[in-house]
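Visitor: Could you take me through this structure, please?

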Amino acid sequence: MYPVDIWPSVDCDDLLSASNQYLSSMEPSSSENHEWFDIRSNTPHHTKVAITGSNVSRLQMFPDDQSECTVLALHPPGDPDKVLALYLHGKWCSVEDVLTTSSKSRAGLVESAMERVILFILGQVLQKLADSDMLFSLHPRTECGKLLWMDGQAVGFYTFKQKGSLCGRWTAQSYLLPVLDTTLVRRCRRGRGFGLQMLSDFCSLFPGEEVVGLSSPLAPSMVSVCKRFLQQHEEQRERLYEVAEAPGRWDQRRNIWMSIQLGRYSHRTDNVVCF
């Protein structure tokens, strides 16, 4: 059993409370009586990392102006960019365990706090380690998302704006169509058609909508995915639009298939491997 299976009902208040309690109970960093975290490896030798005040930090899951929700992260000594484990429900859990499920049928929208933690790890922790040019801003707590699971592993996600949801905290404007905002597939799982699977899944979520959108600008890999998708699904060609600005009025969007035919993306898609 893994964290997402064991603690499905954990909420943000639980995560924040657990972080505060653990930090207040930690021994001073000079203490020789440290707690240790065992790092599993594929070799006969196991590495243990001391858990001290110098290699434990808070990770803020949502933007600063959202409700406070943090998890504690354990770092290797002297390497604050790498995360070895997260403190969840009174226990240190490795990153890979957090991204794993024992459920063969796990799927669906991101609804629980644990699923939000997984989305956060995929979009913030692993992307940072990959030194990717595509670093996401923190996803707001109110933004919808869906995780992609394969063989018991969280391999990617996409987030989207619901039609009718506010375009921002300081505006009364609402989105006029559903808009796919961000997509990610783990680097080790790319090139297997998961991007195509997520785009198809997003379009199928809104069967009653005349049009659905993708936020602009489209990444080169997403352009390639859209091209393959629309070649396979002609019925979607008049439905899929690039949305340049919120709230997505007709003058703020353009048809993706037409843009592909006109070569508007051709300079961005040379030698691109689809995710």
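Guide: We can begin with the sheet, then turn to the helices, the cores and a loop residue. This is a predicted model, in which local features need pLDDT of at least 70 and side-chain atom pairs count only at pLDDT 80 or more, while totals for chains, interfaces and linings use all residues. Residues are numbered from 1 along each chain as its sequence is written, and side-chain values use heavy atoms, with hydrogens and water left out.

Visitor: In what order do the six strands of the open sheet run?

Guide: The order is β7-β8-β9-β10-β11-β12, with mixed pairing. Strands (E, at least two residues) and helices (H or I, at least four) are DSSP runs numbered from the N terminus, and two strands pair if DSSP finds at least two bridges between them.

Visitor: Which strands stand at the edges?

Guide: β7 and β12 (253-255) do; each has a single partner strand, so one side of each lacks a neighbour in the sheet. From one strand to the next, the twist averages 35°.

Visitor: How do β11 and β12 pair?

Guide: They are antiparallel, over three bridges. Arg253 in β12 is the bridge partner of Val243.

Visitor: Which strands does α5 lie across?

Guide: α5 lies across β7, β8, β9, β10 and β11, at about 155° to β9. Axes are lines fitted to C-alpha atoms, for helices over the stretch in contact (heavy atoms within 4.5 Å), and angles run from 0 to 180 degrees between N-to-C directions. α6 lies across β9, β10 and β11, running at about 160° to β11.

Visitor: Which residues of α5 are buried?

Guide: Phe194, Gly195, Leu196, Met198, Leu199, Phe202 and Cys203 are buried, meaning under 20% relative accessible area with a 1.4 Å probe, protein chains only.

Visitor: Changing topic, how many residues has the largest nonpolar core?

Guide: That core has 35 residues; the term denotes buried Ala, Val, Leu, Ile, Met, Phe, Trp, Tyr and Cys residues joined through side-chain atoms within 4.5 Å. Its largest share, 10 residues, comes from α4. A second, separate core of 27 residues includes Tyr158, Leu180, Leu199 and Met222.

Visitor: And Thr101, where does that lie?

Guide: Thr101 lies in the loop between α3 (95-98) and α4 (113-129), and its 6% relative accessibility is why it counts as buried.

Visitor: What polar contact does its side chain make?

Guide: The side chain of Thr101 makes one with the side chain of Arg106, at 3.0 Å. A polar contact is a pair of N or O atoms within 3.5 Å; within protein, one must be able to donate a hydrogen and the other to accept it, and residues adjacent in sequence count only if both atoms are side-chain atoms.

Definitions and conventions: Buried < 20%, exposed > 50% of the residue type's maximum accessible area, 1.4 Å probe, protein only.
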